[in-house]
Amino acid sequence: QVQLVESGGGLVQPGGSLRLSCAASGSIFSHNLMGWYRQAPGKQRELVATMNTVTSVNYGDSVKGRFTISRDNAKNTLFLQMSSLKLEDTAVYYCYLKQFRLGKLTEYWGQGTQVTVSS
């Protein structure tokens, strides 16, 4: 089992910045895909960014140029640096991990952290 715990969410003004963190623990294989997804009330969960162990990165169109994903493989920690925040970025942000471990492809989600962009 893998546990993902997000932190760093909060209230921020438009144009401001936040950094989210995701600490992973448990049976984690060193080669995996981690990422961030977000979901606003009444909307579907959408991709924010993903990053594999060899630093291949994929961003959602709405955050390109504003958000940066990174990871510390030694600490099994994922980060999301958010800048130039917009009202539309308000959502619950979820940490995600996918790995092939013990012959099985598994996916895990954190409980989420709330990001609210408001003036």
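Read along the sequence, this protein chain follows the pattern β-β-β-β-β-β-β-β-β-β-β. That gives 11 strands and zero helices, where strands are DSSP runs of E with at least two residues and helices are runs of H or I with at least four, numbered from the N terminus. The model is predicted, so local features need pLDDT of at least 70 and side-chain atom pairs count only at pLDDT 80 or more, while totals for chains, interfaces and linings use all residues. Residues are numbered from 1 along each chain as its sequence is written, and side-chain values use heavy atoms, leaving out hydrogens and water.

**Overall build**
- Along its principal axes, the C-alpha trace of the protein chain spans about 50 × 25 × 20 Å.
- Of the 119 residues, 42% count as buried, meaning under 20% relative accessible area with a 1.4 Å probe, protein chains only.
- Among contacts (heavy atoms within 4.5 Å) between residues at least 6 apart in sequence, 53% join residues at least 24 apart.

**An open sheet**
- Four strands line up as β1-β3-β8-β7 in an open sheet, with antiparallel pairing; two strands pair if DSSP finds at least two bridges between them.
- At the edges are β1 (2-7) and β7 (67-72), each pairing on one side only.
- Strand β3 (residues 18-26) is joined to strand β8 (residues 77-82) by six bridges.
- Cys22 stands opposite Leu78 in β8.

**A look at Leu102**
- Leu102 sits in the loop between β9 (91-101) and β10 (104-109).
- Leu102 counts as exposed because its relative accessibility is 80%, and exposed means over 50%.
- From C-alpha to C-alpha, Leu102 and Leu20 are 30 Å apart in space, and they are 82 residues apart in sequence.
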